[in-house]
Amino acid sequence: MAQSERGAAGRKAYDAFISYSHARDRAIAVAVQRALHRLARPWYRPRALRVFRDETSLSASPHLWTSIEQALASSRFFLLMASPEAAASPWVRREIRYWQEHRDQSTFLVVVTSGEVVWSGDDFDWERTTALPPQLGGWFREEPLWIPLDQDRSDDDTRLSLRNAGFRAAVCRLAAPVHGRAPDELDGEDVRQFRVASRLRRAAVAALSLLLVAATALGLVAVRQRAVAIGERDRAEQQVRIASARALAAEADGLAARDPVLAARLAVAAYRLDASPQVLASLMRAVDRHRHEVGFLEREPTTPGSDGRAFPDGRAGDVRISPDDRLVAVGSHSTGEVRLWDVATGDLAATLRTDLRTGSRESVRSTFSPDGERLVITASGGFEVWHVADRRRLLARESPDGHQVVQTRPDGGAVGFLELDRTGVTVSVHVTATDRADAPFEKVADGPDAERVLLETVGGPEAVAADAVMPDAIESGVAASAHRVTVLSAESRVETWDVAGGRKVASRQLSGTTGRWSALDTSDDGTTVVVGDDRGQLVVLDGDLTQEWPSGQLTDTSSYVDVNRDGSLAAVSDIAGNVLLLRPHDDRRFDVLPGTAGRLEPDGDAEDQRLVPSPDGRWLLVHRTRATELWRLDDRRLVAEYPADADRVLRATPMPFTADSRTFAVASGGRVVARDVDTLREVASEPGSSDLVEQASAFARVLGEERVVVRNLADQSNEVVVVGPRGERPLFTTTNVTDGPRGHVVVIADHGGDQRVHVWDLRDGSADEPTGFDYRAEPAVVAASPAADRVVIGGYGPEAEVVDLATAGRTRLVGGSGPAAWMLTEYGFLGDTDLLVQHTVPHRDANDFRNRLLVWHTGTGTLVGEWPEPTRQRAPGQQPYHVAVAGDHTALTVRPDGSIAAWHVHPEAWARSLCATFGDLDEEQRRLHQPEGSRGPVC
């Protein structure tokens with residue numbers, strides 16, 4: 001047997017494959033792998049066995065399962081780290097399924113780390129076995145080898161070491177079939193190899209002593225080589241950091257749906273180790289996933305799920321936002337508690353401990369009074385009224401015998417009860433007020449119409465209309481607001497009904513998920529709908545159901561949703577007890593400059609506004625048709641506004657800031673005026689002109705700096721000229737040119753002359769001799785970096801590349817849907833970083849009429865990611881494609897509604913945003929996920 005297995009080993013890349021739960025058994029899996037490497041290892045071999053474990057044997061790859069499948073096919077034995085967590089893991093189950101389909105039971109070994117494994121006759125006792133997945137039932141013909149390793153999980157370093165007798169015995173039993181030897185023989189071989197190694201070490205010490213004199217003589221050589229060694233060490237450490245960062249980024253993407261908080265923290269941790277394109281892509285995806293999330297008010301460490309595992313008592317259920325949006329009331333299961341959370345701070349403000357009790361799958365429900373002073377808390381057995389400010393119980397009442405609470409009036413002023421007979425049929429309906437303890441229980445109806453009368457009496461006309469369409473809706477899938485009822489059907493369709501007319505006014509099929517939608521609510525004003533599915537995915541729709549966008553991620557099935565009056569705030573819980581707070585209309589990816597929304601042309605298109613940031617990124621000039629605005633970007637504040645001289649300003653104005661960003665110029669009142677940017681004091685002025693080049697000359701003179709501009713000649717040719725304080729001087733004439741965005745680095749592509757891209761650096765105030773390069777295909781768009789060291793050129797097709805002006809090296813931009821899918825596009829470099837942004841208009845044949853903001857890594861040409869504009873356009877071109885980059889951190893665009901968006905496009909801003917929402921890794925997470933030597937805070 002040993003000989004045949006050694007022969008198999010020659011054909012297999014791995015002796016064993018370890019399958020385990022990362023969340024539960026990572027530490028044990030690491031220790032077992034290390035022990036199998038070392039046990040009975042000959043001194044001349046690096047390891048006794050080759051053992052596959054995904055974190056050490058896989059590189060970062062988008063094809064994760066393919067890599068794991070190859071490892072399984074190349075392994076002789078399968079080692080399962082058995083625990084309830086592993087039994088529930090879809091990855092572990094998939095790995096076991098592969099082994100069952102391709103191997104026999106004799107190569108399947110089990111290490112029990114937690115839970116129970118009980119063998120009963122010819123199969124496991126599945127009523128008591130919790131550590132194994134059910135798919136192993138009936139597979140084994142006889143009791144398999146399983147080794148208990150479920151000791152306490154203390155931090156003692158020797159517990160999971162071969163120096164520990166219990167752990168050593170377990171590893172010997174586990175390794176014996178892999179080596180093809182008896183456990184005691186294997187243990188003896190390990191002792192023998194240790195003695196051989198000890199003798200060799202003593203001999204080596206003696207030899208080293210003899211070599212000490214020679215080593216001293218070679219000291220000078222070692223000093224010279226020290227620098228080389230340090231360099232090699234630094235490179236090795238950097239490679240470790242890069243590999244660790246990519247592994248963390250891959251883990252962050254894998255955990256996004258199961259543990260979104262840990263996934264966000266790992267994305268930041270990966271970025272702190274290395275800012276490679278793959279890591280930046282993971283960080284950008286994390287920001288995109290959580291762009292509307294304020295944070296978790298309550299978060300359960302584990303997800304119970306719906307597979308029969310116990311739900312914890314007291315977990316969160318019903319959620320309700322106070323009328324002033326300052327508090328969120330979270331009802332609990334079983335315990336009757338209601339927890340009040342402060343929205344501004346995210347802190348627990350108070351816990352109201354009622355005498356109400358519910359089942360493990362029922363939550364107490366809460367309703368605020370319109371003034372927010374009282375909170376009515378209900379369960380099937382009764383209700384209590386609390387004073388919110390001083391956390392005082394005002395009254396408590398039990399349901400009469402045979403009655404249960406089923407309805408609370410929206411203002412909390414009354415509670416309705418159903419009286420049921422022994423078969424559960426409604427007998428009568430009673431209603432009582434909640435403002436005093438002696439309020440009578442008034443019978444309002446009985447018989448078949450009782451429930452309808454209850455809805456009319458307590459719920460109001462919206463509740464009656466909701467009841468009318470309930471047959472087509474799922475549980476928790478009806479919400480009433482502002483004379484409308486919104487319904488979520490089992491077919492994932494959202495419908496809006498008019499209460500008065502009894503007609504359907506809007507309908508939309510939800511998209512973007514493989515799960516089933518499970519909960520819904522709408523704002524009181526009917527403008528915002530929030531929907532959650534059974535995988536924890538959340539989406540937002542506008543009141544007309546024309547727009548849909550993702551808004552957050554829970555860890556389990558969405559159960560309760562509450563949206564405030566105007567749709568600006570939402571709270572959502574899942575069946576695991578997690579509570580997430582959302583801002584459905586706030587997007588952490590960008591800020592909107594205040595007061596800029598609604599800048600539209602008569603035809604409904606966004607106004608054509610030209611955005612010109614200052615060189616230091618602190619200021620922004622917005623050239624509009626009728627005015628020029630000066631904004632301060634650090635606090636998003638409008639500083640000044642000047643009437644504009646017709647719309648020629650949009651086309652003619654050159655860079656309006658000086659290179660030091662201390663002075664700006666505007667055309668207003670027939671003059672070009674230069675002003676101090678801090679005091680707004682006028683420092684120079686010149687008469688304006690209707691001629692574009694003469695107008696540019698006036699700008700150059702008042703600013704005291706030269707500018708490069710293009711003059712359109714009568715014969716349709718173009719003349720490139722320099723204008724400034726010393727007058728005008730022509731550079732060359734050509735048939736056609738493409739010029740880049742305004743700035744102190746000017747780039748112009750000559751299509752009719754020498755087919756060359758020219759770059760002028762104006763940062764010193766003068767247009768010296770340009771640099772440049774010859775192009776291969778006619779550029780449709782060009783842009784230069786602020787440091788005048790790189791140029792991006794894009795053609796009319798899918799070609800785009802970044803050219804290094806110092807080395808003439810070219811890097812193609814690869815990824816995304818390709819420029820061929822875009823009708824118009826514009827680029828901007830993020831300061832001196834390796835990042836480039838691109839703003840695109842979709843092609844007329846595109847299905848999704850939304851502009852997109854793409855981020856590229858110029859060093860590799862890799863697409864880091866792309867963010868679509870949240871609002872769809874009626875058709876391509878409604879939203880301008882212009883993009884302006886302020887410093888190295890902000891990209892500015894005009895949105896479809898005319899507002900100006902300041903996008904946060906620097907990775908450090910992404911990391912800060914995620915840290916502010918999800919916090920830092922805790923100590924246990926650092927120990928499990930960060931590499932040794934790099935453990936510490938990431939926020």
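Which residue stands opposite Asp521 in S26? The residue opposite Asp521 in S26 is Val530.

## Basis

This is a predicted model, in which local features need pLDDT of at least 70, side-chain atom pairs count only at pLDDT 80 or more, and totals for chains, interfaces and linings use all residues. Residues are numbered from 1 along each chain as its sequence is written, and side-chain values use heavy atoms, with hydrogens and water left out.

## The antiparallel sheet

An open sheet is formed by 4 strands in the order S25-S26-S27-S28, with antiparallel pairing. Its edge strands, each pairing on one side only, are S25 (517-522) and S28 (548-553). From one strand to the next the twist averages 25 degrees, where axes are lines fitted to C-alpha atoms (for helices over the stretch in contact) and angles run from 0 to 180 degrees between N-to-C directions.

Between S25 and S26 (residues 528-533) there are 5 bridges in the antiparallel sense. Strands are DSSP runs of E of at least two residues and helices are runs of H or I of at least four, numbered from the N terminus; two strands pair if DSSP finds at least two bridges between them.

In S1, 6 of its 6 residues are buried. Buried means under 20% relative accessible area, exposed over 50%, and partly exposed in between (1.4 Å probe, protein chains only).

S1 runs parallel to S3, joined by 5 bridges, and Phe17 has Phe78 in S3 as its bridge partner. S1 also runs parallel to S2 (residues 51-52), here with 2 bridges, and Ala16 stands opposite Val51 in S2. The β-α-β crossover from S1 through helix H2 (residues 22-38) to S2 is right-handed: with the strands pointing away from the viewer, the path from the first strand over the helix to the second runs clockwise.

## Helix H6

The buried residues of H6 are Val92, Glu95, Ile96, Tyr98, Trp99 and Gln100. They pack against S1 (14-19), H4 (64-73), S3 (75-82), H5 (84-88) and S4 (108-112), with contact meaning heavy atoms within 4.5 Å.

## Cysteines

The count comes to 1 disulfide, defined as a pair of cysteine sulfur atoms within 2.5 Å. It joins Cys915 to Cys939, S to S 1.9 Å. Cys915 lies in H17 (residues 907-918) and Cys939 in the segment after H18 (923-929), 24 residues apart. The torsion about the S-S bond of Cys915 and Cys939 is about -80 degrees, so the disulfide is left-handed.

Cys915 is buried at 14% relative accessibility, whereas Cys939 is partly exposed at 46%. Cys172 counts as buried at 4%.
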